[in-house]
Structures are given as structure tokens and as C-alpha cells.
Amino acid sequence: MPTSIPLLTAEELTVGYFSRPKTPRPVAGPLRLRLWPGELVCLLGPNGAGKSTLLRTLAGLQPPLSGRLDLGGAALTSLSAPARARQLSVVLTDRVDSGNLTGRELVQLGRHPHTGWLGGLTTHDDAQVQAALAATGTEALAHRPVGELSDGERQKILLARALAQDTPLILLDEPTAHLDLPNRVALMRLLHRLARQTGKAILLSTHELDLALQAADRVWLLPADGALRTGTPEDLVLSGAFAAAFAREGLAFDPATGTFALHAPTGPLVQLVGDGAAAFWTRRALEREGFVPTAAPAALRVTATPDYWISQAAGSPGQRHDTIAALLRALHQPATS
């Protein structure tokens, strides 16, 4: 958790573009930001809120429209490119043209800010490269051409390159894009572990809202109006700020489950009795079929146990079902008879 002094600070920062010469087009701000050692921060917000613009500004890839941005105690604009590269590393969504480089050779490029003008690697540089491969679990990819790697393997190699750069701060723009679910989960778990173990500050933008709520130490929540909210995921959820940030996209966020509702059931009420995994997945199934689960008494009652389900209409005997599919068929039977 936050210790020492922040690695990056921003005061009254406004980010955006110049649509025409000398005509600023603000996207977000004014913002007050802090990034601390050893924390994983997820930058979240709806499409078009300015997440990538903010990340590129923090990385020094485009200038801010106004405000002050400090990195390592110095104004970011005062740092030369080599000095900035020793303070922060960046992993973007753009596909890297790696040519015929192997995984190790790509990771070795992360040592460039620390080498002399000839670019030769020292024993210390080799040790940093090996440590980065080990930390990301990519030793087996070291000798494979990067062009032959899967998207998930390539993302890990790019993260290893950022680690080999050995900067206090790592910025990642949508690192889970194009990855399947297991690789998205594995990468978020890895980033959380690296922040804890290395003491680095890691900031990433992502659309993986459910994973971010589980993995992030703090969330930077950027709504469409550009008014940034920061805090722990739990505080932002319980305050209603998280749901409000995505309301414009027509999403219904359920703070009780930490998920967005795919269905808007309008059918009959069903009293759902039970707890644990069986009740959770029964609720999901009922909502998908248009029923409205409730804890209050209703004309239809469903009891979920770990081994079976019982459905009962008012004034009728209960029926036992061995699967959720059988339960759903029974609930729909009166409507089709």
C-alpha cells in the first residue's frame, strides 16, 4: 500500500488535443493525481472518456493542455527522453514490429536507457533481463521468435521488457485487449503480484471492469464528464460512483454482486430460498428467463440446495428437480399448458 512519497503527481492537469493550431480540445480535467510505490491502480471509464489520452499524457507521449505533472520529483517536461525512460516504462496496445527478434532480445531492449552509447549489456543488465523473464514466467519463451508467440505470450514478453527497464513506474494501456479470459485473469493476477513484490507503481487502463474491481488497490474512475474520482474499488462501488460512471452506456451495475446485469427481468416474482453457489447460479438462471428473484414471499417459490431444487406454486405441492434446466422447464410449464 502507499508508502514514502508519490512517484507521480499531477495538479490541475487538463489533458486533450489541439484540434487546430492553438485551439485546445480538452478531454478530461482539471485532475489531481497521485501514484504511490507498491500499488496497482486501474484507470476505468466509459468509451471516449479520455483514458488513453490521460495515459499517453502521463507517459510524456503528448503534452498536457494545462497544469503541472511531476515524475520522480521533477517536472515531466523538464526530463530528457533518456531520463524519462529511467523513471517510467510504457506498454501500449499497438502491436510491436519485432522483426526476427526472440523473446529475450525484445526484453533486452528494456535495458537501453541504462546502457552506454554502444548499447552493450553488462553482467548486471543480463541479470535484470533474466529476473524480468523469471518474474513474468516467460523463460520458456526467451528463445522463440516474438512473431510466433500468441497474444497472451506477447503481452507477457512486453511486460518483461518493461520490468527489465527497471523503472519505479509502469504504465499499461489496455494490456488485456485481445486476450482470452484465462490469460486476462492470469495477467491481472501477475500485475497485482508484481506491484506487491517489486514495490513499483503500476497504472493500467482497462475495460475489464470485474477483474479491475478484484485486483486494483485503487481505481481512477473517469466518467464521460471528465471529473475523475479516485478511491478503493469498494468505496467507489458503495458510494454509487462506479454505477454512475457507466450509466450513460445503459449498464445496470449490481453492487451486491459486483457485476453488470445483462438482463432486465420483468416477469413474475419468484421467492428464492437458499444461499451459496447453488442460489447464486439459480438467481442468474431465473433472471435470464425473465423471472424476478426476491427474498420476500411470492406466488412462486424456489428452494436451491447444493444437490437439488424444489419449485412450488402457491397452493400446490412442491416439485423436486435435479438440474436447473429441469427447474426452468417446470417454471415455464404453467405458461405453456
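I take strands as DSSP runs of E with at least two residues, and helices as runs of H or I with at least four, numbered from the N terminus. By that rule, cysteine 42 falls in strand β3, residues 40-44.

I note that this is a predicted model, where local features need pLDDT of at least 70, side-chain atom pairs count only at pLDDT 80 or more, and totals for chains, interfaces and linings use all residues. Residues are numbered from 1 along each chain as its sequence is written, and side-chain values use heavy atoms, with hydrogens and water left out.

**Cysteine 42**

I checked its cover first. Buried means under 20% relative accessible area, exposed over 50%, and partly exposed in between, with a 1.4 Å probe and protein chains only. Cysteine 42 has 0% relative accessibility, so I log cysteine 42 as buried. Next I listed its contacts, meaning heavy atoms within 4.5 Å. Leaving aside residues up to four places away in sequence, cysteine 42 touches Met188, Leu204, Ala212, Ala216, Arg218, Val219 and Trp220. I also looked up threonine 232, which is 190 residues from cysteine 42 along the chain. Their C-alpha atoms are separated by 10 Å.

**Whole chain**

I count 11 helices and 17 strands in the protein chain. The C-alpha atoms fill a box of roughly 85 × 50 × 40 Å along the principal axes. Of the 337 residues, 43% are buried. I took contacts between residues at least 6 apart in sequence; 63% of them join residues at least 24 apart.

For the surface I used Shrake-Rupley accessible areas with a 1.4 Å probe; for residues, only the protein chains shown count as cover. The chain exposes about 17000 Å², and carbon and sulfur atoms supply 53% of it.

For charge, Lys and Arg count as positive and Asp and Glu as negative, without His or the chain ends. I placed each charge at NZ of Lys, CZ of Arg, CG of Asp or CD of Glu. The chain has 31 positive and 30 negative side chains, and the centres of the two sets lie 4 Å apart.

**Domains**

Domain bounds come from an automatic or database domain assignment. The assignment gives domain 1 as 8-249 and domain 2 as 269-332. Their C-alpha centres lie 45 Å apart.

**Helix α1**

I went through α1, residues 51-58, and found 6 of its 8 residues buried. They are Lys51, Thr53, Leu54, Leu55, Thr57 and Leu58. Just after α1, glycine 60 takes a positive phi of about 80 degrees.

**Leucine 121**

I located leucine 121 in the loop between α3 (103-108) and α4 (123-135). Its relative accessibility is 32%, so I log leucine 121 as partly exposed. Beyond residues up to four places away in sequence, leucine 121 touches Gln108, Arg111, Thr115 and Asp126. Leucine 109 is 12 residues away along the chain, with 9.9 Å between the two C-alpha atoms.

**Aromatic pairs**

Rings of Phe, Tyr and Trp (its six-membered ring) pair if their centres lie within 6.5 Å; planes under 30 degrees apart count as stacked, over 60 as edge-to-face and the rest as tilted. I found 2 aromatic pairs in the structure. The rings of phenylalanine 242 and phenylalanine 246 have centres 5.3 Å apart and planes at 55 degrees, so I call the pair tilted. Both of these phenylalanines are buried. Phenylalanine 280 and tryptophan 281 make an edge-to-face pair, 5.1 Å centre to centre, with 90 degrees between the planes. Phenylalanine 280 is partly exposed at 33% relative accessible area. Tryptophan 281 is also partly exposed, at 49%.
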